[in-house]
Amino acid sequence: MRIIVCALLLTLLALPAGAEDHVYDLGFAHAGMDLAEFRNGPWDQGRVICSSDDDRPAEVEFFLPKGALRAGVSRCGLYASDDGGRWHLLPKSVAGWPGEVLALFLPDQAGIQRLAQLKLVLPKAAFDDLAQTWDHLFGLPSFRRDQMVRWSSGAADATIIGDDGGHVQAYLVDNSLQSRMNRRLGQMPAQH
């Protein structure tokens, strides 16, 4: 009997540690992946364009504050060119809905650009389908109320937020990289 009780206690103690290592992977992106892996991801169409690209088309503009640029942040998105040769955000199907894909990358300690934050923008009606899909991928959420659902582990957070503007915003965040970015931006003096 003691052996069974000890085994159960060890199993229960091991569960949170396993949850800490959980990686939130969407198939085309996961928190902490490097920029080269993201560029070469399973994009059916289009091209990943980043603010740091030397060959970035002129009409693709990324606004990054000066502090973010000094910290080495790079903003990327999935784009396609139309028949006129103009580039625009290319929707990626997520949970059966078209969504815009935007990402922030930050250099790690070795200087490799890694995914700190992925943002998806989908139609408002996608909220329940996306939440159900992420429940299937990530397990039960750690928080759910009205138009917000959040999954959290020690390594990453995933959040879906419905807004009043007719959109759903979904975020996948690498907690370590996000903290590093926040620290770096907080330590830099303002430059005007």
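**Close-up 1. Largest nonpolar core of the predicted model.** Phe38, Leu118, Leu120, Trp134 and Ile160 touch the most other members among the 37 residues of the largest nonpolar core (a set of buried Ala, Val, Leu, Ile, Met, Phe, Trp, Tyr and Cys residues joined through side-chain atoms within 4.5 Å; buried means under 20% relative accessible area, exposed over 50%, partly exposed in between, with a 1.4 Å probe and protein chains only). Helix H4 (residues 127–138) supplies the largest share of this core, five residues. Helices (H or I, at least four residues) and strands (E, at least two) are DSSP runs, numbered from the N terminus. The model is predicted: local features need pLDDT of at least 70 and side-chain atom pairs count only at pLDDT 80 or more, while totals for chains, interfaces and linings use all residues. Residues are numbered from 1 along each chain as its sequence is written, and side-chain values use heavy atoms, with hydrogens and water left out.

**Close-up 2. Surroundings of Ile160.** Neighbours within four places in sequence are left aside; the contacts of Ile160 then include Phe127, Leu130, Ala131 and Trp134, as well as Met148, Val149, Trp151 and Val168 (contact: heavy atoms within 4.5 Å).

**Close-up 3. The disulfide.** One disulfide is found in a search of the whole structure (a pair of cysteine sulfur atoms within 2.5 Å). Cys50 and Cys76 are its partners, with an S to S distance of 2.0 Å. The torsion about their S-S bond is about 105°, so the disulfide is right-handed. Because Cys50 lies in strand S1 (residues 47–50) and Cys76 in strand S2 (residues 74–81), the pair ties together parts 26 residues apart in sequence. Cys50 is buried at 0% relative accessibility, and Cys76 is buried with a relative accessible area of 0%.
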